[in-house]
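Student: I've got the model open and would like to go through some side chains with you. Can we take it one residue at a time?

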Amino acid sequence: MFKEFKKSIEWGGETLTLETGKIARQADAAVVATLGETSVLAAVVFEKKPKEGFDFFPLTVHYQEKYYAAGKIPGGFFKREARPTEKETLTSRLIDRPIRPLFVDGFKNETQVICTVLSHDMENDPDIVAMVAASAALTLSGAPFLGPIGGARVGFVDGEYTLNPHVDDMSKLRENPEQRLDLVVAGTKDAVMMVESEAYELSEEEMLGAVKFGHEQMQPVIDMIIDLAEEAAKEPFDFSPPAREELYGKVKAAGEDAMRAAFALTDKQERQAAISAARETIVSALSEEDQDDKQLGACIKKLESEVVRGDILKTGKRIDGRDLTTVRPIVSEVGILPRTHGSSLFTRGETQAMVVTTLGTGDDEQMIDALEGTYRSNFLLHYNFPPYSVGEAGRMMGPGRREVGHGKLAWRALQAVLPAATDFPYTIRVVSEITESNGSSSMASVCGGSLSMMDAGVPLKAPVAGVAMGLILEGSDFAVLTDILGDEDHLGDMDFKVAGTEAGITSLQMDIKVAGITPAIMEQALAQAKDGRMHILNEMSNALTEGRSEFSAHAPRIETMQINPDKIREVIGSGGKVIREIVETSGAKVDINDDGIIKIASANAEAIQKAHDMIHAIVAEPEEGKIYTGKVVKLMDFGAFVNFFGKRDGLVHVSQLANERVNHPKDILKEGQEVKVKLMGFDDRGKVRLSMKVVDQETGEEIANG
């Protein structure tokens, strides 16, 4: 019934298997990739006719994690998977970015790639498996895809690169000082197409080495996909790139001068208006037949690209008049919002980010329900890109893939310099509002986020800055651009974002639109990015160089205390009665974890102290030899019971009441009377032994030889 094909290799200490021909046979191609016991199904479908009215390639990639893959039932009321999680969105982008540039130019047929996690062994991350499965399915489908690609995850421990480290090794990277890198690299046989990383101040040489290592290690995977395709691939789809030469000649003749004059304007708004006018000039100069040609938009874009790219390669001058290495003018400001805990306004040229930091308590931590299990995050970074930031009126919707991706990139850049949670027990939320945009708003979020957190009093290990690099590549001629504009990103061949401190790189993201970047170009880009980063850090230092010593008056204060975990039940009380009383009486928020660490939070120092004292009274143990003030709670023939320490009672034997003989405790004491006692010790059964006769009842001082 099935015509199955299967290939396997040993890869990174695990068996990688690709299977096709049994599942999802009505798709153009479907591949199940398995690494260890993690399996992902990738199915590809593409329409056989181009989408009408589309001037872009309508490719969508959906990565979805099914809870059954880890033997779990989803939480929530409906108990089923719903909107994509952050991990699913980021992984969809991770797969989309390296495959999109490899479709033949001019292919406009709607294409969909769906990757479904079927099984997760809690060791091998499904994202790399999904990328390999998607590459294999596209290669088998017959679509005009110039792959295959491979993918790999790279770690860095004790100066050595590791291939596809397990999930446990990479989770909570900030808490694992031995693991300094989480890098995902994707590429073809000859070129790197995409890099995404989170790092702990690695040098440029170490990062470049990691990229090279990942590219080398993915080669057996690419070879296996090719072997599978030789046996199982469908016939190539009959597609020829549309002819544009004649129409392009007309477009160039009609509008090259106007387009060149438009791109000579340095102001973004003026330049965009002039470009729009140049487009109208071109269209009006063409015949009705040419105006209706579906390739007209592509031809105008080609002219724009040729003008911008050619001028940069010939003259070394860019759209706004800068040379290749100059960073746009920077203004850094902090403390711009009076009621927030920390705020900054970072402006670089025509890109501007207003970034706000809010400090919270343990109650504000984000709970993340993942296939690997539920965990909490105390650092959140959210990126917003309203349409007014680019001078447009657009729909206001929830965060899309772009917002999630840019926010995560900035999060990765900043998390490496955060203080340990034990040293700074706050939940930190950073929100970047992009108020102007003309290239590299994610890196502006990194710079503004660093300043905003320092303004809030977060003791960062070092300030972090980021810069976006670009590339123009024509044959053997190339130019690496520092701090690219939006048009340079759109019309260029590379988007290469590098963030870090003076000591090293904390995040690197690279997307390549051509399959010809060499290690030498990447090395130059990293070196140029380092110079740009140092310049930006110096400009940021005009505002702040380290975290403020004082918090905002509106920020909560948090004090931590450690108690014996065995005492947690006593602090909480039956049904939470005791801890509710502490919160209501003191006015402070109290958070207890299973290790016995208690966080007490309030904007009022007196409230914190009151809660601390109440908890201390519950959990503290009395000290032998110390004198306490207590109250008589019960009189017996053999002595008096005294409440002397919180809720602790102890016995003062009749022989320890006074230095003279006492017939009965009631002769000298009455219930409710305040007395001073010394803790003499504990008997064999753990009962407390107290003495009054060794303490001066007036002064509370110990009586020598009492």
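Student: Is Y383 buried or exposed?
Tutor: Y383 is buried, because its relative accessible area is 3%, and buried here means under 20%, with exposed over 50% and partly exposed in between (1.4 Å probe, protein chains only). Please keep in mind that this is a predicted model, numbered from 1 along each chain as its sequence is written, in which local features need pLDDT of at least 70 and side-chain atom pairs count only at pLDDT 80 or more, while totals for chains, interfaces and linings use all residues. Side-chain values use heavy atoms, with hydrogens and water left out.

Student: OK, and how many aromatic pairs are there?
Tutor: The count comes to 20 aromatic pairs, where rings of Phe, Tyr and Trp (its six-membered ring) pair if their centres lie within 6.5 Å, and planes under 30 degrees apart count as stacked, over 60 as edge-to-face and the rest as tilted. One of them joins F156 and Y161, whose ring centres are 5.0 Å apart and whose planes make an angle of 40 degrees, which puts the pair in the tilted class.

Student: How are the rings of Y383 and F385 arranged?
Tutor: The rings of Y383 and F385 are stacked, because their planes are at 15 degrees, and their centres lie 6.4 Å apart.

Student: Which residues do ring pairs link into a cluster?
Tutor: The cluster that ring pairs hold together is made of F46, F57, F103, F107, F145, F237 and F239.

Student: New topic, the backbone. Which peptide bond is cis?
Tutor: The bond running from G147 to P148 is cis, and its omega is near 5 degrees. P148 itself belongs to the loop that joins α2 (126-141) to β7 (150-157), with helices (H or I, at least four residues) and strands (E, at least two) taken as DSSP runs and numbered from the N terminus.

Student: And what is the phi of M122 and of D158?
Tutor: Neither residue is a glycine, yet the phi of M122 is positive at about 65 degrees, and that of D158 is positive too, near 55 degrees. M122 is in the loop between β6 (111-119) and α2, while D158 is in the loop between β7 and β8 (160-163). M122 is partly exposed at 28% relative accessibility, whereas D158 is exposed at 69%.

Student: One more thing: which residues does the UniProt "binding site" annotation cover?
Tutor: According to the unreviewed UniProt entry, that annotation covers D489 and D495, though such annotations may be inferred rather than shown by experiment, their positions are given in the numbering used here, and feature names are shortened.
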